[in-house]
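User: I am new to this structure and would like to learn how to read its features one at a time. Could you take me through them slowly?

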Amino acid sequence: MCGIAGCFSGSSKIRRNLEKMISVLDHRGPDGNGIWVASNEQVGLGHTRLAIIDFSSAGKQPMKSFSGDFIITFNGEIYNHLKLREKLNNDISFIIDWRGHSDTETLINCIDIWGLNKTLNEINGMFAFALWDARKNQLILCRDRIGEKTLYYGWLGDCFVFGSELKAIKIHENFNSKIDKSSLNEYLKYGYVPSPHSIYSGVSKLMPGSYLIIDAYNKYRKPTKYWNLFDVAKNARQNQFKGDD
C-alpha cells in the first residue's frame, strides 16, 4: 500500500502544497517518498513508498519511462508484470535498459510503447495511478477494474488535486469544501459514501474501471470507462462454459 498525491495548477506554491500532501500519507509508504515537479511548475506528482517487489532505489517513485515522456506515481500491484515485460521486449525492435525489476517500471514503459488503452487491457492487478504525459501535456488518473484502490480528486479554486486519501486533499491550502448533505444521507443509509461521491462537496472518487484526463488546454474531460463489470457478466451469461469438469 503506497500513497499517491498530486496537483495540476499554474501556482508557484505547487511544491509546498505537494510536500504537505504526501506528508500525511507517510503511513501508507514508510520506505521512502518522492516528489516530481515539472520545470514550468504546472504539475507535480508525489509518492510515499511501500516496497514490495523491488526494494532497491530503482523502484523509487515518481518514475519516468525509458523515453522520459511519461512520469507516474503508482499505488498497487501488477500481477502479470513479468509476462508483460517479456511481451513488450518481443514487440519492439530495440532493447529497453531496465533499471530494476519493479512492476511500476513495467507499467510505465508499457504505456510509453503501447499507449494507455492497450496497456489497461493487458494488465492484471489492483491499482490507482496518476500519469503525466509530456507529449500531450495531459494528467491522467486511472483506477483498477473493481476499484480495490481508491483515488480522490477535485478542484480547489484553479488547482486540480488528487490523492489516495481525503486527508491529502484536505491539507491543501485552498481546501474549504463543506460536508455534502446528500453524501451524508448516503453514509447514514449505507454506512459508506458510494462512488463517485465523497463526503465533501466538489471532491469525487474516481469510479472503478475508469480513467480521467485533465488537459492543459481543455482543462477537464469526463471520466472514461475502460471496463464494465455488468458487460462482462452479460457476455458470460451469453457465452456460457460448455465443457465438462
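**A buried glutamate and its surroundings**

Analyst: Glu 105 is buried, with a relative accessible area of 1%, where buried means under 20% relative accessible area, exposed over 50% and partly exposed in between, using a 1.4 Å probe and protein chains only. This is a predicted model, in which local features need pLDDT of at least 70 and side-chain atom pairs count only at pLDDT 80 or more, while totals for chains, interfaces and linings use all residues. Residues are numbered from 1 along each chain as its sequence is written, and side-chain values use heavy atoms, with hydrogens and water left out.

User: Which residues does Glu 105 touch, not counting residues up to four places away in sequence?

Analyst: Contact means heavy atoms within 4.5 Å, and by that rule Glu 105 touches Met 63, Arg 85, Asp 97, Trp 98, Arg 99 and Gly 100.

User: Where is Glu 105 placed, and how do helix 2 and helix 3 pack?

Analyst: Helices (H or I, at least four residues) and strands (E, at least two) are DSSP runs, numbered from the N terminus, and Glu 105 has its place in helix 3. Axes are lines fitted to C-alpha atoms, for helices over the stretch in contact, and angles run from 0 to 180 degrees between N-to-C directions. Helix 2 (residues 81–91) packs with helix 3 at an angle of about 35°, their axes being 10 Å apart. Among the residues making this contact are Arg 85 and Leu 88 of helix 2, and Glu 105 and Ile 113 of helix 3.

User: What does helix 3 lie across, and what is the order of the strands in the open sheet?

Analyst: Helix 3 (residues 103–114) lies across strand 4, strand 5 (70–78) and strand 6, running at about 130° to strand 5. Two strands pair if DSSP finds at least two bridges between them, and the open sheet of 6 strands has the order 4-5-6-7-11-12, with antiparallel pairing. Strand 4 (63–64) and strand 12 (224–225) stand at the edges with a single partner strand each, so one side of each has no neighbour in the sheet. Within this sheet, strand 6 (residues 125–133) and strand 7 (residues 138–143) pair over 6 bridges, with Asp 133 opposite Gln 138 in strand 7.

User: How should I read the backbone angles, and where does Asn 137 lie?

Analyst: Most residues other than glycine have a negative phi, and most peptide bonds are trans. Asn 137, in the loop between strand 6 and strand 7, has a positive phi near 55° and counts as partly exposed at 26% relative accessibility. Glu 41 also has a phi near 55°; Glu 41 lies in the loop between strand 2 (33–37) and strand 3.

User: Which peptide bonds are cis?

Analyst: The bond from Gln 61 to Pro 62 is cis, with omega near -5°, and Pro 62 lies in the loop between strand 3 (43–48) and strand 4. The bond from Ser 195 to Pro 196 is cis as well, with omega near 10°, and Pro 196 lies in the loop between helix 6 (181–190) and strand 10 (203–205).
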